[in-house]
Amino acid sequence: ALMLLTLPGMSFIYYGEEIGMRNVPIPPEYVQDPAAKGDPLRGLGRDPERTPMQWNPENNAGFTDGEKTWLPISSDYQERNVASQSEDPKSFLSLYRQLTKLRSESPALKQGSLKTVHTPARDVVGYVREMGEEKYLVLINFAGQESTCRVLETQRRLLVSSASGLSKAAETGEEIILGSHEAVLYRLL
């Protein structure tokens, strides 16, 4: 999410992505997608990605008042839904809302230049988005464990972290320790 909403170009968010919806296994008798109807066991259909939006923890995930939905709903709908995540500042939805608001208000994130940043950490990608005086540093740890990287941009203020709200990243001057799969966005001062 942080990379998608800070890189140049159009950002496309597939429904449910903003709450972390997962693909749902579709039993053959529930297959709807014409591409899969002829051979549902080959997995050619799009149905696992097109299950009903999980709006709330109520019956049918709040998608319908009807008796059942056209495709099965994920078993985690009572925790992973819009209503529950709207109130949680550490949720996927809160992260997406924070990032989309920042992107919509920032000329640097909408139209600014992109410059890659050398991070000695093998699994950390870094770049700066800037336009005029407005500059942002993005660091993304693709490793399944902590990664330490050094960056020259030491005058910075943390704005967003993918690590459930506040960053788990430890900072000391040039050195930043990112948690497993953590992505951070800094405003450069």
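Hi everyone, thanks for coming. Before the tour, some housekeeping. This is a predicted model, where local features need pLDDT of at least 70, side-chain atom pairs count only at pLDDT 80 or more, and totals for chains, interfaces and linings use all residues. Residues are numbered from 1 along each chain as its sequence is written, and side-chain values use heavy atoms, with hydrogens and water left out.

Let's begin with the charged pairs. How many salt bridges does a search of the whole structure find? The search finds 8, where a salt bridge is a side-chain nitrogen of Lys or Arg within 4 Å of a carboxyl oxygen of Asp or Glu. One of them joins the side chains of Arg22 and Asp76, at 3.2 Å from N to O. That pair links distant parts of the chain, with Arg22 in the segment before H1 and Asp76 in the loop between H1 and H2, 54 residues apart. For the element names, helices (H or I, at least four residues) and strands (E, at least two) are DSSP runs, numbered from the N terminus.

Is Asp76 buried or exposed? Asp76 counts as buried because its relative accessibility is 13%, while Arg22, at 49%, counts as partly exposed. The cut-offs are under 20% relative accessible area for buried, over 50% for exposed, and partly exposed in between, with a 1.4 Å probe and protein chains only. Arg80 joins in here too: Arg22, Asp76 and Arg80 are linked in a network of salt bridges.

Stay with Asp76 for a moment, please. Its side chain also makes a polar contact of 2.6 Å with the side chain of Ser74. By polar contact I mean a pair of N or O atoms within 3.5 Å; within protein, one must be able to donate a hydrogen and the other to accept it, and residues adjacent in sequence count only if both atoms are side-chain atoms. Ser74 sits in the loop between H1 and helix H2, residues 82-86, and is buried, with a relative accessible area of 9%. Leaving aside residues up to four places away in sequence, Ser74 touches Val24 and Gln54, contact being heavy atoms within 4.5 Å.

Glu105 pairs with Lys101, the closest N and O atoms being 2.8 Å apart. Both lie in helix H3 (residues 92-105), 4 residues apart, about one turn of the helix. Glu105 counts as exposed, at 51% relative accessibility. Next, the side chains of Arg150 and Glu175 meet at 3.9 Å, N to O. This pair links distant parts of the chain: Arg150 is in strand E4 (residues 147-150), Glu175 is in strand E7 (residues 175-178), and they are 25 residues apart. Arg150 is partly exposed at 44%, and Glu175 is partly exposed at 28%.

Asn141 is in strand E3, residues 134-141. Why does Asn141 count as buried? Because its relative accessible area is 1%. Its side chain reaches the backbone oxygen of Gln145 at 3.0 Å, and a polar contact of 3.2 Å joins it to the side chain of Ser147. Beyond four places in sequence, Asn141 touches several residues, including Asp123, Val124, Leu178 and His181.

Thr6, in the segment before H1, is buried as well, with a relative accessible area of 1%. The side chain of Thr6 reaches the backbone oxygen of Leu2 at 2.7 Å. Among the residues it touches, again beyond four places in sequence, are Arg103, Tyr127 and Leu185.

Last stop: aromatics and the surface. The structure holds 1 aromatic pair. The rings of Tyr14 and Tyr15 have centres 5.2 Å apart and planes at 45°, so the pair is tilted. The rule is that rings of Phe, Tyr and Trp (its six-membered ring) pair if their centres lie within 6.5 Å; planes under 30 degrees apart count as stacked, over 60 as edge-to-face and the rest as tilted. Tyr14 is partly exposed at 43%, and Tyr15 is partly exposed at 33%.

That's the tour, and I'm happy to take questions.
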